[in-house]
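Me: I have a structure open and want to learn how to read it. Can we go through it feature by feature?

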Amino acid sequence: MKLIIIYGSNVVFSLNKLKQITSLFDPMTITRLNAKELDKGSFLNQLSGVGLFGGERLLVVDNFEGANLPEK
């Protein structure tokens, strides 16, 4: 699994880079999560999950900065 972190105050650049990356994936293989609404267990399950057909998948986590990810 590759890890790509897009971070910084240049929102336009970040969104353009994210569009560039997501364009390389089938939309059915992209999972998008909001870290502010996510607990640690769900996050870890998504990280360790395998795609339906075993191919590459993309996990996008928005609002990760400052996320608490409490145990639930």
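**Reading the features**

Reply: Leu 3 is exposed, at a relative accessible area of 72%. Exposed means over 50% relative accessible area, buried means under 20%, and partly exposed lies in between (1.4 Å probe, protein chains only). Before we go on, note that this is a predicted model: local features need pLDDT of at least 70, side-chain atom pairs count only at pLDDT 80 or more, and totals for chains, interfaces and linings use all residues. Residues are numbered from 1 along each chain as its sequence is written, and side-chain values use heavy atoms, with hydrogens and water left out.

Me: Where does Leu 3 lie?

Reply: Leu 3 sits in the segment before α1 (11-22). Helices (H or I, at least four residues) and strands (E, at least two) are DSSP runs, numbered from the N terminus. This protein chain has two helices and two strands. From the N terminus on, their order is α-β-α-β.

Me: Which residues form a nonpolar patch on the surface?

Reply: Start with the rule. Patches are made of residues with over 30% relative accessible area and no salt bridge; like charges are joined within 9 Å, nonpolar side chains (Val, Leu, Ile, Met, Phe, Trp, Tyr) within 5 Å. Here the patch is formed by Leu 3, Ile 5 and Tyr 7, with about 440 Å² of accessible area together. Accessible areas come from the Shrake-Rupley method with a 1.4 Å probe; for residues, only the protein chains shown count as cover.

Me: Which residues make up the largest nonpolar core?

Reply: A nonpolar core is a set of buried Ala, Val, Leu, Ile, Met, Phe, Trp, Tyr and Cys residues joined through side-chain atoms within 4.5 Å. The largest one has five residues: Leu 18, Ile 21, Phe 25, Leu 58 and Val 60. At least two residues of this core come from each of α1 and β2.

Me: What does Val 60 touch?

Reply: Contact means heavy atoms within 4.5 Å. Leave out residues up to four places away in sequence, and Val 60 touches Leu 18, Ile 30, Thr 31, Arg 32 and Leu 33.

Me: Is Thr 22 buried or exposed?

Reply: Thr 22 counts as buried because its relative accessibility is 19%. Thr 22 is found in helix α1. Leaving aside neighbours within four places in sequence, Thr 22 is in contact with Ile 30 and Leu 58. Ser 14 lies in helix α1 too. Ser 14 is buried, with a relative accessible area of 15%.

Me: How many salt bridges does the structure hold?

Reply: First, the idea. Side chains of opposite charge can pair when their charged atoms come close. A salt bridge is a side-chain nitrogen of Lys or Arg within 4 Å of a carboxyl oxygen of Asp or Glu. This structure holds one. Arg 32 and Asp 62 form it through their side chains, at 2.8 Å from N to O. The pair links distant parts of the chain: Arg 32 is in strand β1 (residues 30-34) and Asp 62 in strand β2 (residues 58-62), 30 residues apart.

Me: What is the accessibility of Arg 32 and of Asp 62?

Reply: Arg 32 is partly exposed at 49% relative accessibility. Asp 62 is partly exposed, with a relative accessible area of 25%.
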